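Subject: A structure for you to explore

Hi there,

Here is the structure I promised to pass on to you. Have a look around it first, and then read my notes below.

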Amino acid sequence: MELRKIDPANLDSALAITVRPDQQDLVASVVKSLAEAYVHPAHAWPRLIVDGDQPVGFVMAFIRIPWNDEPGVDLRSGLWRLNIDQAHQGKGYGTYAVEAVCAELRARGETHAYVTWEPRAGGPAPFYRALGFHLTGEESEGQIVAVRDLTGFPKSSA
Ligand SMILES: CC(C)(COP(=O)(O)OP(=O)(O)OC[C@H]1O[C@@H](n2cnc3c(N)ncnc32)[C@H](O)[C@@H]1OP(=O)(O)O)[C@@H](O)C(=O)NCCC(=O)NCCS
């Protein structure tokens, strides 16, 4: 498994990643995420998740910019989007992507990774909680905010 930068050769594969129809309210489409990455190039870290040469999902981290500490700017880093293709869920790819993003953040000196999720049955709350994310008690635009402490986890090889 690896994370690959989105490039002209794999763009169509990234755009083809889709979650199940009943999950489409849980995460934005890849095309929307890539549009956001285009307008927030300093903060967005979009990657295609591949197993061998098989595209299986899409993940996008948000990266804080330490020197951009003006008031009102969010000084957090974490997972922005995670879409595991409907044909490839439940095979460990989501876990791999979370660990890979956490490794990237740790390598950048971050001590915490944040995520938000839709608070509904069938949402990803159990997935993230099993990975060590705990609720901060905040909500953001109707979503639950959670954080994982990166200092206590072993470095991933991702
Ligand atoms: C949630 C999601 C990212 C998980 O990725 P995945 O590759 O299917 O998950 P994994 O195979 O790594 O699963 C790891 C564990 O979490 C569990 N899990 C995964 N999704 C779950 C869910 N929605 N509810 C409960 N448990 C879940 C798995 O059963 C597995 O448990 P196990 O270790 O006891 O077997 C993926 O299902 C997905 O893309 N869902 C739709 C979009 C979404 O919700 N994205 C997150 C937006 S914040």
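**What I found**

Arg148 counts as buried because its relative accessibility is 1%; buried means under 20% relative accessible area, exposed means over 50%, and partly exposed is in between, with a 1.4 Å probe and protein chains only. Before going on, please note that this is a predicted model, in which local features need pLDDT of at least 70 and side-chain atom pairs count only at pLDDT 80 or more, while totals for chains, interfaces and linings use all residues. Residues are numbered from 1 along each chain as its sequence is written, and side-chain values use heavy atoms, with hydrogens and water left out.

Back to Arg148: this residue belongs to strand E7, residues 143-149. (Helices, H or I with at least four residues, and strands, E with at least two, are DSSP runs numbered from the N terminus.) The side chain of Arg148 makes a polar contact with the side chain of Glu99, at 3.0 Å. A polar contact is a pair of N or O atoms within 3.5 Å; within protein, one must be able to donate a hydrogen and the other to accept it, and residues adjacent in sequence count only if both atoms are side-chain atoms. Arg148 and Tyr114 are 34 residues apart along the chain, yet their C-alpha atoms are separated by 6.4 Å.

**Around strand E7**

Glu141 sits in the loop between strand E6 (134-140) and E7. Is Glu141 buried or exposed? Glu141 is exposed, because its relative accessible area is 82%. Glu141 also has a positive phi of about 50°, although it is not a glycine.

In the segment after E7 you will find Thr151, which is exposed with a relative accessible area of 55%. The side chain of Thr151 makes a polar contact with the side chain of Asp149, at 2.6 Å.

**The ligand**

Which residues are closest to the ligand? Of the 21 residues that surround the ligand, the closest are Leu82, Gly90, Gly92, Gly94 and Thr95; a residue counts here if one of its heavy atoms lies within 4 Å. A backbone N or O atom of Leu82 is 2.8 Å from a nitrogen atom of the ligand. Taken alone, the ligand exposes 900 Å², and the protein buries 68% of that. Such areas come from the Shrake-Rupley method with a 1.4 Å probe; for residues, only the protein chains shown count as cover.

**Aromatic rings**

A search of the whole structure finds three aromatic pairs. Rings of Phe, Tyr and Trp (its six-membered ring) pair if their centres lie within 6.5 Å; planes under 30 degrees apart count as stacked, over 60 as edge-to-face and the rest as tilted. Phe127 and Tyr128 are edge-to-face, because their planes are at 65°, with ring centres 5.0 Å apart. Tyr128 and Phe133 also form an edge-to-face pair, with 5.5 Å centre to centre and 80° between the planes. Phe127 is partly exposed at 28% relative accessible area, whereas Tyr128 and Phe133 are buried. Ring pairs link Trp117, Phe127, Tyr128 and Phe133 into a cluster.

Happy exploring!
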